[in-house]
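Keep the structure open while you read.

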Amino acid sequence: MRLKKRENQNTSQKFLIRIFTAVLGLAAAGFLYFSYVFLPEKVAENIVAKAKTRLAIQWTPKDDGFSYQNVSFTTSDGVALSGWWIAPMKSHKPLGTVILSHGVFKNRGQVLSRAEFLVKAGYQVFLFDQRGEGLSGDSPVSGGVLEAGDYLAAVNDLKARHRLVKPLVFFGFSLGAISAIRAAPLCPDVDAVIADSPLPNVKAYVARRGLGGVLAQLPGFFDQCLKDYDRLTGLSLKPSDLDLEPIVHHFGEKPILYITGEKDDLARSPEVRKLFNETQAAHRSLVYIPGAGHEQTYSLYPMIYEQAVKSFLTQVRKHFPEPSEAEILSNIKEVPSTKSPTR
């Protein structure tokens, strides 16, 4: 009787184990399907949908008292781009030329205030809508791979109109910064880069702004997102194409200024600092904006921001001269002497 009872217990345990194993297997299969089929496709669809929803340009330089010209030009792959040309007062010779652009899913209006302080400082500024944004022609977002060509097209347009005054500086925010960094090594005419809040790679965007969340850290998750995105857009991007670190590691000798917000949750300060450390340039600088989130680097402390940018541009114009002995000595503070105690 006891033996039969034990056999029944064993049979019941085996049955429960089989049920548990089956449920666990179904749960694992469901998780894998959600993580590597359903969610990556939704991530890709969400980015495509965001790119199709364009923000209207609601403010122009004229609203702030600046004269400007509307400019249209075309990239080497046939995308029509739209921008504004803002020059200093006619009585002043420009100190140089800055080509300026914005972050993802935005337009030139996002960086207009930056353009205006540069014009006040004596620089001529060409700011434009990146492909697929604002009033520019349709094109899928490519994490700076295609957008880098927009900067190159802007240079060609300036040269064709005989407007290029050296030094020439690429200045971008977020995606614009990524694009500027990517474009600089391809452009012999550019003299320096200002990169405000560049992301190290698009995977960071998927994890922090997309639908991926923590699942973006799963092995192969981002690869699948990119495959779905390529299928939807007709692109052929690989994860390695979207990594900025190899670009800055072979950046060359062009000076670069990095700007990062201390509390940026998207292009995080430690990651920007890593890009700074990896950048192979003789003259590189990194400015932290205290307490600033991703879109607050300029708005939170404009005086700090402007001073950092203008100082960098002055150094670019002067070709980063070595400080004189008098300048070095003027920066040395006298240390108060300490007298020995009287015995």
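## Helix packing, cavities and loop geometry

The model is predicted.

**Helix 2 with helix 9**

- Helix 2 spans residues 112–120 and helix 9 spans residues 302–317.
- The two helices pack at about 55°, and their axes are 11 Å apart.
- Their crossing is right-handed.
- Helix 2 contributes Arg114, Phe117 and Leu118 to the contact.
- Helix 9 answers with Tyr305, Glu306, Val309, Lys310 and Leu313.
- By class, this contact of helix 2 with helix 9 holds five nonpolar, no polar and three charged residues.

**Helix 3 with helix 4**

- Helix 3 covers residues 148–160, and helix 4 covers residues 175–183.
- Their axes come within 7 Å and cross at roughly 65°.
- Helix 3 is therefore roughly perpendicular to helix 4, since that class runs from 65 to 115 degrees.
- The crossing of helix 3 and helix 4 is right-handed.
- On the helix 3 side, the residues in contact are Ala148, Tyr151 and Leu152.
- On the helix 4 side, they are Gly176, Ser179, Ala180, Arg182 and Ala183.
- The contact of helix 3 with helix 4 divides into five nonpolar, two polar and one charged residues.

**The cavity**

- How many cavities of 30 Å³ or more are there? The count comes to one.
- The largest cavity has a volume of about 290 Å³.
- It is lined by 22 residues, and those closest to its centre are Ile47, Val141, Gly143, Val202 and Tyr205.
- Helix 1 (2–52), helix 4, helix 5 (202–208) and helix 6 (221–233) each give at least two residues to the lining of the largest cavity.
- Helix 6 supplies the largest share of that lining, with four residues.
- What classes of residue line the largest cavity? The lining has 19 nonpolar, three polar and no charged residues.

**The largest pocket**

- The largest pocket contains about 400 Å³ of space.
- Its lining is made of 17 residues.
- Ser67, Ala87, Pro88, Met89 and Lys90 lie nearest the centre of the largest pocket.
- Nine of the lining residues of the largest pocket are nonpolar, six are polar and two are charged.

**The second largest pocket**

- The second largest pocket has a volume of about 200 Å³.
- Its lining includes Val48, Ala51, Lys52 and Arg54.
- Gly132, Asp138, Ser139, Pro140 and Val141 are also among the lining residues of the second largest pocket.
- Tyr229, Leu232 and Thr233 line the second largest pocket as well.
- Helix 1 and helix 6 are the elements that give two or more residues to the lining of the second largest pocket.
- By class, the lining of the second largest pocket has six nonpolar, three polar and three charged residues.
- Val141 lines the second largest pocket and is among the residues closest to the centre of the largest cavity.

**The loop between helix 3 and strand 5**

- Where does Pro167 sit? Pro167 is in the loop between helix 3 and strand 5 (168–173).
- The peptide bond from Lys166 to Pro167 is cis, with omega near 0°.
- His162 is also found in the loop between helix 3 and strand 5.
- His162 is not a glycine, yet its phi is positive, at about 60°.

Methods. Residues numbered from 1 in each chain as written. Predicted model: local features only at pLDDT ≥ 70, side-chain atom pairs only at ≥ 80, totals over all residues. Heavy atoms only, no water. Axes fitted to C-alpha atoms, helices over the stretch in contact; angles between N-to-C directions. Parallel < 35°, antiparallel > 145°, perpendicular 65-115°, else oblique. Left-handed = near helix turned anticlockwise from the far one by under 90°. Contact = heavy atoms within 4.5 Å. Nonpolar A, V, L, I, M, F, W, Y, C, P; charged D, E, K, R; others polar. 1 Å grid on protein atoms, 1.4 Å probe; cavity = no way out; pocket = protein on both sides within 12 Å on 5 of 7 lines; lining within 4 Å. Points joined across faces, edges and corners; volume = space filled by probe spheres on them.
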